[in-house]
Amino acid sequence: MEAIILVVIGIVFVFIGAAIMKGKTQLIHSYHMKNITEETRKPYGRVVGAGNLVIGVGIALDGMLTIVLSKEIMLFTIIGLVIGLVLIFYGQFKYNKGLF
């Protein structure tokens with residue numbers, strides 16, 4: 001049951017990440033975007049959305065592997081979180097000039 005929840009959570013992250021990458025930056029809290037200009041909104045959305053997408057893929061992949069192998073493997077979740085957070089922090093610092 002927990003594995004199915006992981007897959008669902010991962011898919012939700014993937015859809016949110018894809019939506020942000022396509023330009024729905026209103027899904028991001030406004031205080032994270034207070035220094036984002038119209039010119040930097042698209043590249044910012046692509047980087048932050050990619051980060052969310054990577055996190056979602058890692059979570060969903062671990063859930064699917066848990067279902068198939070009947071063994072919990074958190075490797076892809078950890079890798080996805082690290083890479084995804086690096087992308088999100090990169091976007092925050094490059095385009096927003098800080099976290100808030």
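**Entry 1: the largest pocket**

I looked up the lining of the largest pocket in this predicted model. I listed Ile-20, Leu-27, Ile-28, His-29, His-32, Tyr-44, Val-48, Asn-52, Ile-88, Phe-89, Gln-92 and Leu-99 as its lining residues. I noted a volume of about 200 Å³ for the largest pocket. I then sorted the lining by class and recorded eight nonpolar residues, four polar residues and no charged ones. I also asked which helices each supply at least two residues of this lining.

**Entry 2: the chain as a whole**

I next recorded the secondary structure of the protein chain, which comes to three helices and zero strands. I wrote its pattern along the sequence as α-α-α. For the C-alpha trace, I noted a span of about 45 × 20 × 15 Å along the principal axes. I recorded 36% of the 100 residues as buried. I then turned to contacts between residues at least 6 apart in sequence, and noted that 71% of them join residues at least 24 apart.

**Entry 3: helix α1**

I examined α1, which covers residues 2-21 and has 20 residues. From its first C-alpha to its last I noted a reach of 28 Å, close to the 28 Å expected at 1.5 Å a residue. I asked which residues of α1 are buried. I listed Ala-3, Val-7, Gly-10, Gly-17, Ala-19 and Ile-20. I kept in mind a general point: an α-helix has 3.6 residues a turn, so residues three or four places apart point the same way. I noted that α2 (38-69) is included in what covers the buried residues of α1. After α1 I found Gly-23, whose phi is positive, near 120°.

**Entry 4: the nonpolar core**

I looked up the largest nonpolar core and recorded eleven residues: Ile-20, Ile-28, Met-33, Ile-36, Tyr-44, Val-47, Val-48, Ile-55, Ile-59, Ile-88 and Tyr-95. The elements that give two or more residues to this core are α2 and α3 (75-95). I noted that α2 provides the largest share, five residues.

**Entry 5: Ile-88**

I asked what Ile-88 is in contact with, leaving aside its neighbours within four places in sequence. I recorded Val-48, Gly-51, Asn-52 and Ile-55.

Notes: Residues numbered from 1 in each chain as written. Predicted model: local features only at pLDDT ≥ 70, side-chain atom pairs only at ≥ 80, totals over all residues. Heavy atoms only, no water. Helix = DSSP H or I, 4+ residues; strand = E, 2+ residues; numbered from the N terminus. Expected span 1.5 Å × (residues − 1). Buried < 20%, exposed > 50% of the residue type's maximum accessible area, 1.4 Å probe, protein only. Contact = heavy atoms within 4.5 Å. Core = buried A, V, L, I, M, F, W, Y, C linked by side-chain atoms within 4.5 Å. 1 Å grid on protein atoms, 1.4 Å probe; cavity = no way out; pocket = protein on both sides within 12 Å on 5 of 7 lines; lining within 4 Å. Points joined across faces, edges and corners; volume = space filled by probe spheres on them. Nonpolar A, V, L, I, M, F, W, Y, C, P; charged D, E, K, R; others polar.
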